[in-house]
Amino acid sequence: MTFGFASSGAASMPEHSASAEFAPDSAYSAHRLARVLEPAEWSAAGIPLLRNPREVVSGLHARHLPTTATAVVAVLDADERLRASASFSRRATMTDGWVFRNALLAQLRRVIPHDLRRRTPVRTAVLLYCREGDARWTQEDGAWMWGLRDACTLHGLRCGAYITLTSDGWQVLGEGRGGRRPSVGSRPELFPGTDVPTMRTGGAASDVLRRAAAR
């Protein structure tokens, strides 16, 4: 897992990194289908539209260079500037929004302070997930949507766009907007003002994520 931060006072914490693993838990696996958002439910939730989704996607792709089964969660301010971001790998085949929520919340707590004291959220979290297949919605996407929405609620953020990145390109689910570049495995495209932090590897946070997944 790698963390990246925008050059802003709101994201002045040091960078960290680790890998994440998800372990199935039979105690709640029978209920995991309830923790999935269907496309119609997602569209009805009033998710704010990105003004320039390609710039957001290209910036996150250049910052984290995600591969298949990698999730990148990012926090944007009211002007859609990147304040903090984190990436981590999903290593299990289990699909459960509750586990995804815990993993996303763990990353948000590390990279940016919560906004729970605000009456109205001023920052928005978006999720970019790299996977195999095409742009059509899958149950795995629905579980990530559920997890993102719940993690945002618990951290005092607005729930933003859910974006898939495949070998065919990127797609903002529920909006019908997408493009061919960047894609999984493509070279990063840098926009003016985009800075790519040095990525480091480590393993301390992986134990925390495993404990969160087992709760």
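Which residues do ring pairs link into a cluster? I looked, and the cluster holds Phe88, Phe100, Tyr129 and Trp144.

Before going on, I noted that this is a predicted model, where local features need pLDDT of at least 70, side-chain atom pairs count only at pLDDT 80 or more, and totals for chains, interfaces and linings use all residues. Residues are numbered from 1 along each chain as its sequence is written, and side-chain values use heavy atoms, leaving out hydrogens and water.

**Aromatic pairs.** I searched the whole structure and got three aromatic pairs. Rings of Phe, Tyr and Trp (its six-membered ring) pair if their centres lie within 6.5 Å; planes under 30 degrees apart count as stacked, over 60 as edge-to-face and the rest as tilted.

I checked Phe100 with Trp144: they are stacked, 3.9 Å centre to centre with 10° between the planes. Phe100 sits in helix α4 (residues 97-111) and Trp144 in helix α5 (residues 139-155), so this pair ties together parts 44 residues apart in sequence. Helices (H or I, at least four residues) and strands (E, at least two) are DSSP runs, numbered from the N terminus.

Next I took Tyr129 with Trp144: their centres are 5.0 Å apart and their planes at 40°, so I wrote this pair down as tilted. Tyr129 is in strand β4 (residues 124-130), 15 residues from Trp144 in helix α5. Both Tyr129 and Trp144 are buried (under 20% relative accessible area, exposed being over 50% and partly exposed in between, with a 1.4 Å probe and protein chains only).

**Gln171.** I found Gln171 in strand β6 (residues 169-172).
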